[in-house]
Amino acid sequence: MREYNGIERPEFTPDWITELKDDEVFVFGSNLAGMHGGGAAWVAFRQFGAVMGCGVGLRGQSYAIPTMQGGVETIKPYVDDFIAFAAAHPELFFLVTRIGCGIAGFRDREIAPLFADAAGLPNVCLPESFVKAVK
């Protein structure tokens, strides 16, 4: 465990997230159309404020990163935008799921390097598999 903003946080993003603290944001893989029909996107829609039709950015306590539009190179700009957003919002704590590693079909070793710069942000929590792949 670690502490951020005086609150105990996990060292790595849990495999299953069913509730969030007030300042926490669920970061999930989406599609550009924002059709949150399965996987973590469905959880984000049902539980954390993701909006159908919005496939990018912050809505409620969720942050969508599109992963279904092509190869890893098409995901990178959205991850870069997320990292800049997280750095600009230290009042929030971001729990990044294994974006792109479910329905989109990528492997952790393909997606994890996109989050290398996020690993140094104290308000971003990454999946253990991403951290291991980046090291």
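The stops below cover the sheet, the helices packed on it, and the aromatic rings.

The model is predicted: local features require pLDDT of at least 70, side-chain atom pairs count only at pLDDT 80 or more, and totals for chains, interfaces and linings use all residues. Residues are numbered from 1 along each chain as its sequence is written, and side-chain values use heavy atoms, with hydrogens and water left out.

**The sheet**

Begin by selecting the strands (DSSP runs of E, at least two residues, numbered from the N terminus, as are helices, which are runs of H or I of at least four residues). Five of them form an open sheet in the order 4-5-3-6-7, with mixed pairing; two strands pair if DSSP finds at least two bridges between them. The edges are strand 4 (57–59) and strand 7 (124–125), each of which pairs on one side only.

Next, select residues 24–30 and 93–96. These are strand 3 and strand 6, which pair in the parallel sense over four bridges. Here Phe-26 stands opposite Leu-95 of strand 6.

**The helices on the sheet**

Now display helix 1, which packs on the sheet and touches strand 3 and strand 5; contact means heavy atoms within 4.5 Å. The direction of helix 1 makes about 135 degrees with that of strand 3. Helix 2 also packs on the sheet, touching strands 3, 4, 5, 6 and 7, and its direction makes about 155 degrees with that of strand 5. Axes are lines fitted to C-alpha atoms, for helices over the stretch in contact, and angles run from 0 to 180 degrees between N-to-C directions.

**The aromatic rings**

How many aromatic pairs does a search of the whole structure find? There are 10. Rings of Phe, Tyr and Trp (its six-membered ring) pair if their centres lie within 6.5 Å; planes under 30 degrees apart count as stacked, over 60 as edge-to-face and the rest as tilted.

Select Trp-42 and Phe-45, a tilted pair with centres 5.8 Å apart and planes at 40 degrees. They are three residues apart in helix 1 (residues 39–47), so about one helical turn separates them.

Move to Tyr-63 and Phe-85, whose ring centres are 5.4 Å apart with planes at 45 degrees, so this pair is tilted. Tyr-63 lies in strand 5 (residues 62–66) and Phe-85 in helix 2 (residues 72–88), so the pair ties together parts 22 residues apart in sequence. Tyr-63 is buried at 6% relative accessible area, whereas Phe-85 is partly exposed at 21% (buried is under 20%, exposed over 50%, partly exposed in between; 1.4 Å probe, protein chains only).
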